[in-house]
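Me: I would like to learn how to read a protein model feature by feature. Could you take me through one, giving the general idea before the particular case?

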Amino acid sequence: LFKQCHMSDNSGDSFELSLVGCKCIGAYVRNKKNQNQICWIWQKVRSHDDRGFQKFLDKVEYSEKSILRYERVYGQGFISTGGLETTKELVAKLELNPGQKVLDVGCGVGGGDFYMAENFDVEVVGVDLSINMISRAIERAIGLKYTVEFDCADCSKKTYTEKTYDVIYTRDAMLYIKLYPHSIGQTNIIQIILQVVETWRSTSNY
């Protein structure tokens, strides 16, 4: 799509546009339950640059084919052990109430978020570093009348307003924070999260 945007400078370096993020427009999701309005974020990069951990996730761990394989094992919308049944067990511990705002850190392809929104009438924002997974989650959300939005972002760098959410839900994300070469650490991630949540209930199962 962006081949025409390739360019070279006087030193011979080649540049291109790299997709670094995508997200639903929150106002449309909250007011109209419409996930069709999407913002795509591109960045000019050197063609030979290492794209880091996000590239590893999208090219290796969670390539489009890998996501489909996970879903064949765990069920549509899920890439973690136990699929829907484990999600039900963990979400039950959150004691959700209608109208609460939930932040899902490491939301994957959104199966847990759809489950929470449909069964507990909560507003959910799912955040994940993988472009492939967020793109698939957004595709699945289109046409569903849930207040669920998705954001491709690095949770260790994203800024939030204090006490934005009532509950935070996370499963496998903490495992990858340890692997992330520029990680600020699990303890610091939790400290960041605590600033934006009214109630901390971690359901990480590792």
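Reply: What follows goes from the overall fold to a strand pair, a pocket, a loop serine and some backbone angles. Please keep in mind that this is a predicted model.

Me: How many helices and strands are there in the protein, and what percentage of the residues count as buried?

Reply: The protein holds 8 helices and 8 strands, and of its 206 residues 44% count as buried. Sequence separation of contacts can be read alongside this: among contacts between residues at least 6 apart in sequence, 67% join residues at least 24 apart.

Me: Is strand β4 largely enclosed or exposed, and which strand do bridges join to β4?

Reply: For burial one looks at each residue of the strand, and in β4 (residues 101-105) 4 of the 5 residues are buried, so the strand is largely enclosed by the rest of the structure. For pairing one looks at the bridges, and here 5 of them join β4 to β5, the two strands running parallel. Lys101 stands opposite Glu123 in β5, and Glu123 in turn is 8.4 Å from Glu149, C-alpha to C-alpha, although the two are 26 residues apart in sequence.

Me: How should I read a pocket, and what is the volume of the second largest pocket?

Reply: Rolling a probe the size of a water molecule over the atoms shows where empty space is left. In this model the second largest pocket has a volume of about 250 Å³, and of the 14 residues that line this pocket, the closest to its centre are Arg30, Val125, Glu149, Thr164 and Tyr165. Its lining divides into 4 nonpolar, 3 polar and 7 charged residues. β5 and β6 (148-152) each supply at least two residues of that lining, and β5 gives the most, with 3 residues.

Me: Where is Ser130 found, and which residues does Ser130 touch?

Reply: Ser130 is found in the loop between β5 (123-128) and α6 (131-141), yet Ser130 is buried, with a relative accessible area of 0%. Not counting residues up to four places away in sequence, Ser130 touches Leu57, Asp58, Tyr62 and Cys152. A polar atom of the Ser130 side chain lies 3.4 Å from the backbone nitrogen of Asn132. Asn132 itself lies in helix α6 and is buried at 17% relative accessible area, while its side chain reaches the backbone oxygen of Asp58 at 2.9 Å.

Definitions and conventions. Residues are numbered from 1 along each chain as its sequence is written. This is a predicted model: local features need pLDDT of at least 70, side-chain atom pairs count only at pLDDT 80 or more; totals for chains, interfaces and linings use all residues. Side-chain values use heavy atoms; hydrogens and water are left out. Buried means under 20% relative accessible area, exposed over 50%, partly exposed in between (1.4 Å probe, protein chains only). A polar contact is a pair of N or O atoms within 3.5 Å; within protein, one must be able to donate a hydrogen and the other to accept it, and residues adjacent in sequence count only if both atoms are side-chain atoms. Contact means heavy atoms within 4.5 Å. On a 1 Å grid over the protein atoms alone, a cavity is a set of points where a 1.4 Å probe fits but cannot get out, and a pocket is an open set with protein on both sides within 12 Å along at least five of seven lines; lining residues have an atom within 4 Å of a point. Grid points are joined across faces, edges and corners, and a volume is the space filled by probe spheres set on the points. Ala, Val, Leu, Ile, Met, Phe, Trp, Tyr, Cys and Pro count as nonpolar, Asp, Glu, Lys and Arg as charged, and the others, Gly among them, as polar. Two strands pair if DSSP finds at least two bridges between them.
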